[in-house]
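Here is a brief report on a structure. Please look over the sequence and the fold before reading on.

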Amino acid sequence: MITSTPVITKSVQMRYLCYTRMYTWIIQPIFCCCCCCLLPCLAMIKMAGSMERSTEVMKAMEKVIKLPEIRKNMMDMAREMHKAGVIEDMLTDTLDGLDDQDLEDVANTEVEKILSEVLASHGPLPVAPEPQPEAAADEDDVETMAARLNALRS
């Protein structure tokens with residue numbers, strides 16, 4: 001029995017070496033090649049699923065949004081905005097025709113007329129006293145503020 005042990009051991013080692021060579025030279029390259037072929041296929045399957053979901057969303061949006069109605073509303077709105085623009089242009093042309101000086105003259109004559117009527121019915125208006133200048137008090141305030149500012153800076 002002792003003589004058969006080295007033969008069995010050598011046979012096991014040879015079998016292991018053959019298995020390793022077969023795995024390294026044959027099986028591993030085939031596996032890598034298969035992976036390289038399958039990864040793009042997997043990406044395409046994922047992309048197809050995404051496209052299918054986006055198509056479903058688009059169909060749902062088509063049911064919710066009625067495109068002919070929106071188109072009609074937009075056309076009506078464009079027509080109304082065009083009419084409003086034409087009307088606005090007409091108003092600006094009309095108002096530009098009036099001179100600002102003429103409007104001021106008309107307004108001043110109306111104010112003078114109303115004032116003369118009021119003064120005629122109530123007599124002359126009392127004259128308000130003129131305010132006294134408080135220059136000295138202002139100078140004192142400025143000096144105190146300057147002193148406070150200097151105190152804050154230091």
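The notes below cover salt bridges, surface patches and cysteines in this predicted model.

## Salt bridges

The count comes to 3 salt bridges. Asp 76 takes part in a bridge with Lys 72, at 3.9 Å from N to O. These two residues sit 4 apart in helix 2, so about one helical turn separates them. Asp 76 also pairs with Arg 79, and here the closest N and O atoms are 2.8 Å apart. The spacing is 3 residues in helix 2, again about one helical turn.

Asp 76 is partly exposed at 28% relative accessibility. Arg 79 is partly exposed at 49%. Lys 72 counts as exposed, at 54%.

Lys 83 and Glu 80 meet in a salt bridge as well, at 3.8 Å from N to O. They lie 3 residues apart in helix 2, so about one helical turn lies between them. Both are partly exposed: Lys 83 has a relative accessibility of 48%, and Glu 80 has a relative accessible area of 48%. Shared partners join Lys 72, Asp 76 and Arg 79 into one network of salt bridges.

## Nonpolar patch

Helix 1 (4–64) and helix 2 (67–97) each supply at least two of the patch residues. Helix 2 gives the largest share, with 5 residues. Met 61 lies in helix 1. Its relative accessibility is 42%, so Met 61 counts as partly exposed.

## Negative patch

Glu 88, Asp 89, Asp 93 and Asp 96 gather in a surface patch of negative charge. Glu 88 is found in helix 2. At 53% relative accessibility, Glu 88 counts as exposed because the cut-off is over 50%.

## Cysteines

How many disulfides does a search of the whole structure find? The search finds 0. A disulfide needs the two sulfur atoms within 2.5 Å.

Cys 41 is partly exposed, with 41% relative accessibility. Cys 18 is partly exposed too, with a relative accessible area of 48%.

Definitions and conventions. Residues numbered from 1 in each chain as written. Predicted model: local features only at pLDDT ≥ 70, side-chain atom pairs only at ≥ 80, totals over all residues. Heavy atoms only, no water. Buried < 20%, exposed > 50% of the residue type's maximum accessible area, 1.4 Å probe, protein only. Patch = residues over 30% accessible without salt bridge, like charges linked within 9 Å, V, L, I, M, F, W, Y side chains within 5 Å. Areas by Shrake-Rupley, 256 points an atom, 1.4 Å probe, with all protein chains shown as cover. Salt bridge = Lys/Arg side-chain N within 4 Å of Asp/Glu carboxyl O. Lys, Arg positive; Asp, Glu negative; His and termini not counted. Charge placed at Lys NZ, Arg CZ, Asp CG, Glu CD.
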